[in-house]
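Subject: A structure to look through

Dear colleague,

I am handing over a structure that I would like you to read alongside the notes below. Please keep it open while you go through them.

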Amino acid sequence: MATLQAIKYSRGKLLVLDQLRLPHENHYDEVSTAEEAFDCIRSMRVRGAPAIAIVAALAHAVELHNGDCTATDPEEVIAHIESRLDYLKESRPTAVDLSNAITLLKLATRAANLEGLAHPEAKEAILNTYIKTAEEILAKDLHNNTSIGSHGAAWLQQQYNASSERPISVLTHCNTGSLATSGHGTALGIIRTLHSEGLLKHAYCTETRPYNQGSRLTSFELVFEGIPSTLITDSMAGALFNLHGERMNIGAVIVGADRVVRNGDTANKIGTYQLAVLARHHGVKFVVAAPTTSIDLETKTGSSIEIEERKREELTQISGAIVNEDGTVDTNRTARVAIADQRIGVWNPAFDVTPHELIDAIVTERGTVVKGADGKFDFGQVLPERLASVAARQL
């Protein structure tokens, strides 16, 4: 199945799809420095926790390949790399994939084999180690996404005894597909797999205010791939479950995650929490799809997650292509319009935290984690070594 491509990379060159221009224009920005990557991430031209980490890692790989680092002493080279990564980390602090990728890149760089090498050769070894590790993050993400799709589809099929004769419908929030990852997607990846296996009746996507990642991006992906789908506003989910849940066999809300902490509390795009409450009331499974890179075992509960706040204009203004009098869309002309009194006070958190009590399953590339008899998630089955290490340090 053909999918959209948010990131195009070859050694020394990185192209990133400008998602602010979608769905009307496919334009790729060339990103060759950490500053350009920071701006790309911060402005949300690229978004989605996996994609953010990939773009940050690869942008620095590109600038290193192109001679950005002038230091020659190995320790100075490593210090340069780490300072650039620390800078990139501030572009989206809530997305744990970014901090996890930065930790991995720092460890790999410091572990580069420099035995017997003079300064020029040692520098080259460090740079090559960094670039190779960054490229592996890209390759691994695609593999992880297809695995998440398989595990999630299998778990839902088991829960509902779904078949081609009795397929299920699902609701998703924000954008978690090819545009948010290296390809296939996480939550949308599960939907893709359900569709390819004949188990999906219909997919519903929310518009995801205030930034419209659902209406601009997810609906675009669903239409692009021919998946039967319907767009709703964020405030229609309860009515959808109540009026059409039985007829459409709505079985799950499937969302992605910017951060899953040790007890299972999950930070995701604002509006996720209310969907979890509605799903619980209507007996609909609530499923989080997250690669293990999005799991933060250092943080015990969601109360410690830093919630980024976005600029007020995202809520009071909107941009789009011009609609002509005959109803056609002119993609060559865009306009920004005010949709609220510009003097009104605005609260615009980018994320909310869904309590683990409202989550039925967390699907990773290593398997599906469900709560035990004690009502708690145990990530030991998918991250045994990391969990043991964290537990030992926190004793």
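Pro 210 is found in the loop between β5 (200–206) and α7, where helices (H or I, at least four residues) and strands (E, at least two) are DSSP runs numbered from the N terminus. A cis peptide bond, with omega of about 10°, joins this proline to Arg 209. Before going further, please note that this is a predicted model, in which local features need pLDDT of at least 70 and side-chain atom pairs count only at pLDDT 80 or more, while totals for chains, interfaces and linings use all residues. Residues are numbered from 1 along each chain as its sequence is written, and side-chain values use heavy atoms, with hydrogens and water left out.

The loop between β5 and α7 also holds Asn 212, which has a positive phi of about 60° although it is not a glycine. Asn 212 counts as buried because its relative accessibility is 9%, given that buried means under 20% relative accessible area, exposed over 50% and partly exposed in between (1.4 Å probe, protein chains only). Asn 249, in the loop between α8 (237–244) and β7, likewise has a positive phi, near 50°, and is buried with a relative accessible area of 14%. A cis peptide bond is also found between Leu 22 and Pro 23, with omega about 5°, and Pro 23 lies in the loop between β2 (13–17) and β3 (28–30). These places are worth a look because most residues other than glycine have a negative phi, and most peptide bonds are trans.

**The annotated residue**

Which residue does the UniProt annotation "active site" cover? According to that unreviewed entry, the residue is Asp 258; UniProt positions are given in the numbering used here, feature names are shortened, and annotations may be inferred rather than shown by experiment. Asp 258 is in the loop between β7 (250–255) and β8 (259–261), and at 10% relative accessibility it counts as buried. Leaving aside residues up to four places away in sequence, Asp 258 has contacts (heavy atoms within 4.5 Å) that include Ala 49, Asp 97, Lys 269 and Phe 351.

**Salt bridges**

The whole structure has 20 salt bridges, each being a side-chain nitrogen of Lys or Arg within 4 Å of a carboxyl oxygen of Asp or Glu. One of them joins Glu 75 and Arg 110 at 3.7 Å, N to O. This pair links distant parts of the chain, 35 residues apart, with Glu 75 in helix α3 (residues 74–89) and Arg 110 in helix α4 (residues 96–110). Arg 310 bridges to Glu 308, with the closest N and O atoms 2.9 Å apart, and also to Glu 314, where the closest N and O atoms are 2.8 Å apart.

**Aromatic pairs**

A search of the whole structure finds three aromatic pairs, meaning rings of Phe, Tyr and Trp (its six-membered ring) with centres within 6.5 Å, and planes under 30 degrees apart count as stacked, over 60 as edge-to-face and the rest as tilted. Phe 220 and Phe 224 form a tilted pair, 6.5 Å centre to centre with 55° between the planes. The rings of Phe 377 and Phe 379 have centres 6.3 Å apart and planes at 15°, so this pair is stacked, and both residues are buried.
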